[in-house]
Amino acid sequence: MALFSSIAFGIAYAGGYLAAAAGFSIATATSIGVAVANAAVSLALSAISRALAPSVSIPQSEIQAVISQASAPRRIYVGENLAGGIRAFFEVKDGVLYQLVMVSHGEITSFEECWVDSEAVTLDASGDVEAGKLSEYVNVQTRDGSAFGGDYADLLAEFPTWDADRKLTNQATFLAQMKAPQGNDFSKVFPKSYNTTLQWVIHGQAVYDPRTTSTAYSDNAALVEAHFLTHKDGFKIDTAEINWDSVSAMADVADEAVPQLEGGTAPRLRLWGYWTLDEPPSDVLDRMHASSGIRAYEMQDGRIGLIGGSFGTPACTITAKDIKEIQTSEAISEREGYNVLRVMHMEADQKYTVTEVDPWRDDTRLAIEGELVKEYELAMCPNRAQARRLAKEQFHDDNRAKVSIITNLVGLKARFPREHAQRHTILLDYQPEDGSGRVIQGEYEVLDHEFDPIELQCRIDLAKVDRASGEWTPEEAGDPPTPLPISTPTPPPAISAVLTQRIVQASASTSVPILEVEAVEIPGRSDITVEARYRTNALQPWTDMQSSGYVAQSGPVEDGVTYHAEARLNGVFDEPDAWVSLGSVTVQIDATAPGAPSELFASNGTGRVNLNWRNPNGEFYEIRIYRSTTAVFGDASLVGTTGGVSGQISEFSDDTVTAATEYYYWVAAANVSGVEGTPAGPANITTV
């Protein structure tokens with residue numbers, strides 16, 4: 001039997017998170033054997049206080065990425081369940097929390113649906129959450145326990161301590177990788193922080209069906225109970241010691257279609273649940289019996305069979321002449337016990353919790369006795385009609401007349417039921433011939449039977465049968481439980497924002513451009529601020545702007561550069577708002593074009609063309625020189641730049657010319673933002 005230690009975490013301790021995010025192990029499974037019989041996990045716990053934590057800069061979001069998974073005892077599941085498990089590996093690396101959770105001891109049939117924080121999520125073929133706020137942050141992979149439960153490639157690649165010997169043979173597990181969102185997104189993606197829960201709806205172990213001689217998933221109550229009786233980690237009864245005809249008959253009863261109040265039908269008797277490796281087997285059988293009405297018993301051939309269902313055909317009739325002694329309980333004349341039976345069962349629609357439904361009440365007794373309440377918990381019963389039906393029968397069984405008789409050997413006829421899958425009854429006809437005793441007649445269920453081979457007599461405990469207790473109509477299922485409240489999502493409102501540039505006067509002679517995003521205010525929402533970011537092209541990372549209310553501003557940006565920006569709203573929402581593109585803006589500190597140069601003249605030099613002109617009056621940043629082999633300015637290319645003084649003569653030499661070629665030249669003044677004025681030219685010349 002594989003033994004694992006639960007990891008006892010005081011993990012909410014901030015120092016522990018800091019150490020984990022810094023790369024120190026909080027808890028690592030360090031030794032897992034190859035075979036199930038020898039499997040063991042040694043969990044090294046490091047309690048690292050804040051004072052001892054290394055002095056490093058760790059983003060808060062990375063620290064918060066340590067998200068807790070509740071521990072639980074090792075379990076073997078049957079039927080459908082919502083399961084968590086035992087954490088066998090727990091480590092943070094590069095802002096990602098890795099959790100390996102052992103769900104079930106032994107193979108399960110399937111992982112059906114992944115839940116995060118009690119809500120179902122859809123995974124793609126790679127295990128990534130397909131949609132919603134978790135889609136960029138959560139990946140979950142599974143192993144059904146048919147082979148190794150620990151051989152996850154990501155663990156083997158990222159953590160040298162988790163090597164190929166960490167097999168977790170025949171353990172059903174899942175590996176969750178949870179990436180820490182940045183900034184304000186963390187609290188929206190993981191609102192419970194380290195208390196985020198991970199669970200799976202699973203189909204438990206495959207069970208043997210003697211009717212088809214096959215082993216497959218089933219929640220048939222008889223097959224599930226037989227599975228437990230023969231399981232190596234259950235009751236451990238050899239399969240040869242089971243009367244499979246009895247199991248088959250009981251399975252047929254469990255499969256009977258029962259009309260439901262909501263419409264359609266459901267199998268009569270199902271079992272969902274688990275047992276733990278340290279649970280007394282008799283306790284497990286008691287839970288299965290309570291939730292299905294089926295119990296194991298020793299049959300006439302010495303093998304173990306199953307009994308339950310409806311009251312069967314009486315096995316025999318015992319009369320006064322066969323009875324040596326008879327004792328009756330007071331309940332024959334006055335019932336005792338309870339008059340209100342509170343009914344609870346597992347309800348999938350209530351997130352697989354044990355849920356109370358309509359109780360059974362004896363209004364006649366209530367009027368006399370007042371309320372005497374007993375709770376009836378059917379933790380492995382997944383169907384309200386089944387729970388109410390079993391509770392009705394239990395109400396009858398607990399509040400009925402009881403008789404104990406001692407008979408001669410005729411009582412041996414009452415030892416075993418007449419048919420499989422029926423509750424064992426006999427007929428009692430006690431009419432003393434001398435009139436010395438009370439007449440007791442009717443159908444009674446056999447509760448216990450003992451044979452004394454020395455005295456050659458039988459002691460039989462009986463309880464009165466009222467077959468009306470087994471009658472059933474769909475309406476008796478009662479009202480369904482109140483549906484769980486549906487959380488009303490709080491989506492972010494639509495954003496309306498504009499991107500502009502602003503010129504900030506850094507000093508008397510220096511102007512600095514910045515980007516500004518301003519959003520339209522949402523009335524009545526004081527919680528909302530705008531977030532914005534910018535970049536120059538799709539290959540560059542985004543740079544966040546500083547936000548204040550509905551306005552966000554960048555730091556200084558470059559004049560003449562085109563910037564792209566996007567924005568979203570931040571506030572009390574269920575998930576992060578989507579980024580919305582605001583388009584682009586080309587920064588211009590000065591949008592006013594300078595005047596045009598004048599008096600442009602070109603002349604030949606040795607291997608070059610000399611140009612001179614008069615600069616425009618007024619401010620300009622530079623003079624740009626253009627050249628073309630045609631007289632069209634649009635065809636010209638920039639061949640150089642130069643400065644100059646307002647209104648004065650400037651010159652430029654172009655030494656990139658080719659001899660015997662006609663050229664056309666233009667000169668234009670540009671301001672600090674690159675805005676050009678009207679060019680002067682063209683001045684044409686043929687080089688020598």
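What pLDDT does the chain average, and what share of the residues score at least 70? The chain averages a pLDDT (the predictor's confidence in each residue, from 0 to 100) of 86, and 88% of the residues score at least 70. The model is predicted: local features need pLDDT of at least 70 and side-chain atom pairs count only at pLDDT 80 or more, whereas totals for chains, interfaces and linings use all residues. Residues are numbered from 1 along each chain as its sequence is written, and side-chain values use heavy atoms, with hydrogens and water left out.

**Stop 1: the whole chain**

Colour the model by pLDDT and select residues 1-70, over which the pLDDT is below 50. Beyond near neighbours in sequence, this stretch has 167 contacts in the model, a contact being heavy atoms within 4.5 Å.

Next, display the secondary structure, which comes to 9 helices and 42 strands. These elements are DSSP runs numbered from the N terminus: helices are H or I with at least four residues, and strands are E with at least two. Among contacts with a separation of 6 or more, 68% are accounted for by residues 24 or more positions apart. Of the 688 residues, 48% count as buried; buried means under 20% relative accessible area, exposed over 50%, and partly exposed in between (1.4 Å probe, protein chains only).

**Stop 2: the cysteines**

A search of the whole structure finds 0 disulfides, a disulfide being a pair of cysteine sulfur atoms within 2.5 Å. Select Cys 458: the nearest cysteine sulfur, that of Cys 316, is 9.9 Å away. Cys 458 is buried, at 1% relative accessibility. Cys 381 also counts as buried, at 0%.

**Stop 3: helices H5 and H7**

Select helix H5 (residues 221-230) and helix H7 (residues 281-292), whose axes come within 11 Å and cross at roughly 175 degrees. H5 is therefore roughly antiparallel to H7. Axes are lines fitted to C-alpha atoms, for helices over the stretch in contact, and angles run from 0 to 180 degrees between N-to-C directions. Angles under 35 degrees count as roughly parallel, over 145 as roughly antiparallel, 65 to 115 as roughly perpendicular and the rest as oblique. Show side chains at the contact: H5 contributes residues including Val 224 and Phe 228, and H7 contributes residues including Leu 285 and Met 288.

**Stop 4: two loops**

Move to Asp 233, in the loop between H5 and helix H6 (244-255). Asp 233 is buried, with a relative accessible area of 13%. Its C-alpha atom is separated by 8.6 Å from that of Ile 76, 157 residues apart along the chain.

Then select Arg 303, in the loop between strand E17 (295-298) and strand E18 (304-307). Arg 303 is partly exposed, at 28% relative accessibility. Not counting residues up to four places away in sequence, Arg 303 touches several residues, among them Glu 241, Asn 243 and Tyr 297.

**Stop 5: backbone geometry**

Most residues other than glycine have a negative phi, and most peptide bonds are trans. In the loop between strand E7 (110-116) and strand E8 (119-121), select Asp 117, whose phi is near 50 degrees. Ser 118, found in that loop between E7 and E8, has a positive phi of about 65 degrees. Asp 117 is buried at 15% relative accessibility, whereas Ser 118 is partly exposed at 26%.

Finish at Pro 682 in strand E42 (residues 680-686): the peptide bond from Gly 681 to Pro 682 is cis, with omega near 5 degrees.
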